[in-house]
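Here's a quick tour for anyone opening this one up for the first time. Keep the viewer handy and follow along.

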Amino acid sequence: MNTVKTGMLLAGLMALFGVVGYFLGGGTGMMIALGLGLATNIFAYWNSDRLALAAHHAVEVDERTAPELVRMVRDLAGRAGLPMPRVYLIDNPQPNAFATGRNPENAAVAATTGLLHMLAHDEVAGVMAHELAHIKNRDTLIMTVSATIAGAIATLAQFGFLFGGRDERPNPIVMLGTALLAPIAAMIIQMAISRSREYDADRMGAQICGQPLALASALARIAGGVAQIPNPDAERRPATASLFIINPLSGRGVDNLFSTHPATENRIAALHALAQEMGTPAQQPGLFTQSASSPWGSTGGSHGGSVTGPTGTRRGPWG
C-alpha cells in the first residue's frame with residue numbers, strides 16, 4: 001500500500017506539472033510541461049542524489065578525513081544488512097542529516113558539522129541509523145525525485161509568470177495565483193509522501209542502533225538547533241527540506257504550516273513507546289567505543305566549522 005500511495009502521489013506531482021503548464025500556455029503549454037516533467041523524472045532518477053549533495057555543498061569523507069563517523073556508518077550498515085554507503089559532511093552549523101541515492105547500492109548519507117558538534121556519540125549513531133533505515137526502506141529515491149520535481153514545478157511557475165504565457169495571456173490574477181499556489185501544492189504532495197516514512201525510519205533506525213532513547217534525544221537536540229540556527233542553502237532550495245531528518249526550515253513562519261515532517265514531539269513520544277516495548281533501560285552504556293580524539297568526547301560543543309581533534313587542530317575536508 002505504501003508503494004501504491006507513493007506512486008499515486010508522484011503521479012499527482014506530474015499532473016500538477018501539467019496543470020501549471022496549462023494555466024501558463026494552454027494545451028500546448030500542458031504538453032510541453034508534461035514532457036518536461038517526464039524528462040525531469042528520468043534525469044532525477046539518475047542524478048537526484050548528486051544534485052541534492054551539490055545543493056548543500058557536501059564533501060565526501062573517508063576513514064582518513066572523518067574516521068569515527070565512517071566507522072560508525074560501516075558498523076550500522078552491517079547491522080542493517082546494507083552495503084556501505086558513501087559518507088558526506090556538510091560544513092554547516094545547523095545540526096541535521098539526510099540520505100539520498102536511487103537504491104541501497106548507490107546510496108549516500110550526509111551529516112552537517114553542526115550535528116557532530118552538538119550531539120553525543122550515541123545520538124549521532126541514532127541519526128545515522130535513521131538515515132540508513134530510509135535507504136533500507138528505499139525511501140531515498142522517492143524523496144529525492146519528489147524534491148527535484150517539486151523544485152522544478154516552483155521554477156516553472158515562477159518562470160512562466162515572469163516570462164511566459166500563451167498568445168492570449170490568462171488573467172494576471174490567475175497567473176499570479178498559479179505562481180504562488182503551485183509550489184505550495186507541490187510541497188503538500190511532498191508532505192504526504194514523506195511524513196509517514198519518517199515514523200517508519202525512526203522505528204527501524206532505533207532497532208538498528210538498539211537505542212530508541214538516543215534517537216529521541218537526538219531529535220530533540222536537532223529540533224532545538226534548527227530553531228536557532230538558519231540553513232541558508234535549505235532556504236534557497238526549500239524543495240530539499242523533505243530529505244532532512246528534521247525540517248531545516250522549521251521556525252520560519254509559514255513553512256511550519258506545510259511541514260514535510262511530523263511534529264517532533266510526536267516522533268519522540270513514539271520512540272519512548274518503542275523503548276518501553278523493547279524493554280530499553282533509561283540509561284544505556286554507549287553502543288560504540290569512542291577514541292580519545294573522538295569529536296563526541298562531550299555533549300554539545302562548538303556550533304561551527306569542522307571536527308577538531310584533542311589539540312584543537314582542524315580535521316576533515318576543510319582544514
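Of the 319 residues in the protein chain, 53% are buried (buried means under 20% relative accessible area, exposed over 50% and partly exposed in between, with a 1.4 Å probe and protein chains only). This is a predicted model, where local features need pLDDT of at least 70 and side-chain atom pairs count only at pLDDT 80 or more, while totals for chains, interfaces and linings use all residues. Residues are numbered from 1 along each chain as its sequence is written, and side-chain values use heavy atoms, with hydrogens and water left out.

**The overall layout**
- The chain has 9 helices and 4 strands (DSSP runs numbered from the N terminus: helices are H or I with at least four residues, strands are E with at least two).
- Reading from the N terminus, the order goes α-β-α-β-β-β-α-α-α-α-α-α-α.
- Take the contacts between residues at least 6 apart in sequence: 70% of them join residues at least 24 apart (contact means heavy atoms within 4.5 Å).

**Helix 1 and what comes after**
- Phe-17 sits in helix 1, which covers residues 2-55.
- Is Phe-17 buried or exposed? Phe-17 is buried, with a relative accessible area of 2%.
- Phe-17 and Met-31 are 14 residues apart along the chain, and their C-alpha atoms are separated by 9.7 Å.
- His-57 lies in the loop between helix 1 and strand 1 (58-61), and its phi is positive, near 55°, in a residue other than glycine.

**Helix 2**
- Helix 2 (residues 67-80) has 14 residues, so at 1.5 Å a residue it should span 20 Å; its end C-alpha atoms are 20 Å apart, which agrees (the expected span is 1.5 Å times one less than the number of residues).
- Its buried residues include Pro-67, Leu-69, Val-70, Val-73 and Leu-76, with Glu-68 also among them.
- Gly-81 follows helix 2 and has a positive phi, near 70°.

**Helix 4**
- Helix 4 is mostly covered, with 15 of its 16 residues buried.
- Arg-138 comes after helix 4, in the loop between helix 4 and helix 5 (139-163); its phi is near 60°, a positive value in a residue other than glycine.

**How helix 7 packs**
- Two packed helices are described by the angle between their axes and the distance between the axes.
- The axes of helix 4 and helix 7 come within 8 Å and cross at roughly 95° (axes are lines fitted to C-alpha atoms, for helices over the stretch in contact, and angles run from 0 to 180 degrees between N-to-C directions).
- That makes helix 4 roughly perpendicular to helix 7 (65 to 115 degrees is roughly perpendicular, under 35 roughly parallel, over 145 roughly antiparallel and the rest oblique).
- Residues making this contact include Gly-126 and His-130 of helix 4 and Leu-215 and Arg-221 of helix 7.
- By class, the contact of helix 4 with helix 7 has 5 nonpolar, 3 polar and 3 charged residues (Ala, Val, Leu, Ile, Met, Phe, Trp, Tyr, Cys and Pro count as nonpolar, Asp, Glu, Lys and Arg as charged, and the others, Gly among them, as polar).
- Helix 7 (residues 212-228) also packs with helix 9 (residues 264-278), at about 165° with axes 8 Å apart, so helix 7 and helix 9 are roughly antiparallel.
- Among the residues in that contact are Leu-219 and Ala-223 of helix 7 and Ile-268 and Leu-271 of helix 9.
- The contact of helix 7 with helix 9 divides into 12 nonpolar, 2 polar and 1 charged.
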